[in-house]
Amino acid sequence: MSTEILKIENLKTHFPIRGGIFSHVVAHLKAVDGISLTVQKGETLGVVGESGCGKSTLGRTILRLYNPTGGTIVFQGQNITTASRPALRPLRRHMQMIFQDPFSSLNPRMTIERIICEPFRLHRVYDTSQQRNEAIQLLQVVGLRNDCLKKYPHELSGGQRQRVGIARAIALKPQLIIADEPIAALDVSIQSQILNLLRELKQSLQLTYLFISHDLSVVRYVSDRVAVMYLGKIVELTDASHIYENPKHPYTQALMSAIPQPDPTQTVKHETLPGDVPSAVNPPSGCAFHPRCRYAQHICTTQTPQLRNIASKTKKHWVSCHLAEEIDRDREKS
Ligand code: SF4
């Protein structure tokens, strides 16, 4: 039986925008705007969307690196939405983050040993020699040699630095890891090695991932379920196999049609999305996707669609589109 490790409800993270000579708040950037989801222990939930859709802010808000504007975050049954820093400290060891850029996320003045042992010092676990032994073991787990311990981040390649970032993230044996574009800054040749390492660690350490990426092919490779974000909201959420075989939301359909096909004999009609992603400061009325949606009707401009399950009770396929069923029927006919 699956256990819920994370539950967020109606989560909002709005950033104030200040202007004028008195620096008054003149507007809010709604980076995360009413997101609800659960993550089960041991699963990988992929969060995908174009740059600026709010997916990284979502990850950081869950970890309380940003304070939420509204909603709730429950981690392992504990409401951490407004927990103070001291109250969060013991929980932090159970929820860690892997960052996109392994160079800027590692302190250039620290040796790799100090970087990997930092979580031990912060959480006061192990004495100095135990910390060193643990660091050596962690290096082996992530596929690095012991002689890395004395090196500095600039002496390592991008892939090696990300392995150090992963070693630091798993040092305290966390339950949940939020991986924010963990391979986006790496050479294509080593991206798959890091992805495979993350998959192996998930199995061996029984980790749960929230895997954030703009790359649908990558998300497909690692995820059990996928949530698609657009302008701070989830527009589609279901099992990875369902969403790739039968995307229901027009935005997801357009994203899927842009994935390169490995089989050149298979032709997929490429849908070009007109226009740019609108500003999250002043999102369009109704369905925020309507200015770019080829199916948009009047209702789409006036009423905000709710995320609703359009599959059966056993199969869950959540979509936020007024016309999801009609669009689905049309696609089946064509
Ligand atoms: Fe398109 Fe309307 Fe559905 Fe939004 S609600 S995705 S505008 S059809």
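Modeller: Gladly, and please keep in mind that this is a predicted model. Sorting the lining of the largest cavity by class gives six nonpolar, three polar and one charged residues.

Biologist: Which residues line the largest cavity?
Modeller: Its lining is made up of Tyr230, Lys233 and Val235, then the run Gly286, Cys287, Ala288 and Phe289, and finally Thr304, Pro305 and Ser320. Lys233 is the charged one in that lining, because Asp, Glu, Lys and Arg are the residues that count as charged.

Biologist: And how much space lies in the largest cavity?
Modeller: The largest cavity holds about 90 Å³ of space.

Biologist: OK, how many cavities of 30 Å³ or more are there?
Modeller: The count comes to two cavities of 30 Å³ or more, and the second largest cavity contains about 80 Å³ of space. It is lined by 14 residues, and those closest to its centre are Cys287, Cys293, Cys300, Cys321 and His322.

Biologist: What classes of residue are in the lining of the second largest cavity?
Modeller: That lining has eleven nonpolar and three polar residues, with no charged residues.

Biologist: Where does the ligand come in, I mean which space does it take?
Modeller: The ligand takes the space of the second largest cavity. There are 13 residues around the ligand, and the ones that come nearest are Cys287, Cys293, Cys300, Cys321 and His322. By class, the shell around the ligand consists of ten nonpolar and three polar residues, and no charged residues.

Biologist: Switching topic to strand β3: is it mostly covered or mostly open?
Modeller: Strand β3, which spans residues 44-48, is mostly covered, with five of its five residues buried.

Biologist: Which way do the residues of β3 point?
Modeller: Thr44, Gly46 and Val48 point one way from β3, whereas Leu45 and Val47 point the other way, and all of them are buried. As a general point, side chains in a regular strand alternate between the two faces of the sheet.

Biologist: Which strands does β3 pair with?
Modeller: One is strand β8, residues 208-213, which pairs with β3 in the parallel sense over five bridges, and within β8 the bridge partner of Leu45 is Leu210. Another is strand β9, residues 225-230, where the pairing with β3 is also parallel and runs over four bridges. In β9, Val48 has Val228 as its bridge partner.

Note on methods:
Residues are numbered from 1 along each chain as its sequence is written. This is a predicted model: local features need pLDDT of at least 70, side-chain atom pairs count only at pLDDT 80 or more; totals for chains, interfaces and linings use all residues. Side-chain values use heavy atoms; hydrogens and water are left out. On a 1 Å grid over the protein atoms alone, a cavity is a set of points where a 1.4 Å probe fits but cannot get out, and a pocket is an open set with protein on both sides within 12 Å along at least five of seven lines; lining residues have an atom within 4 Å of a point. Grid points are joined across faces, edges and corners, and a volume is the space filled by probe spheres set on the points. Buried means under 20% relative accessible area, exposed over 50%, partly exposed in between (1.4 Å probe, protein chains only). Helices (H or I, at least four residues) and strands (E, at least two) are DSSP runs, numbered from the N terminus. Two strands pair if DSSP finds at least two bridges between them. A residue is near a molecule or strand if one of its heavy atoms lies within 4 Å of it. A molecule sits in a cavity or pocket if more than half of its atoms lie within 2 Å of its grid points.
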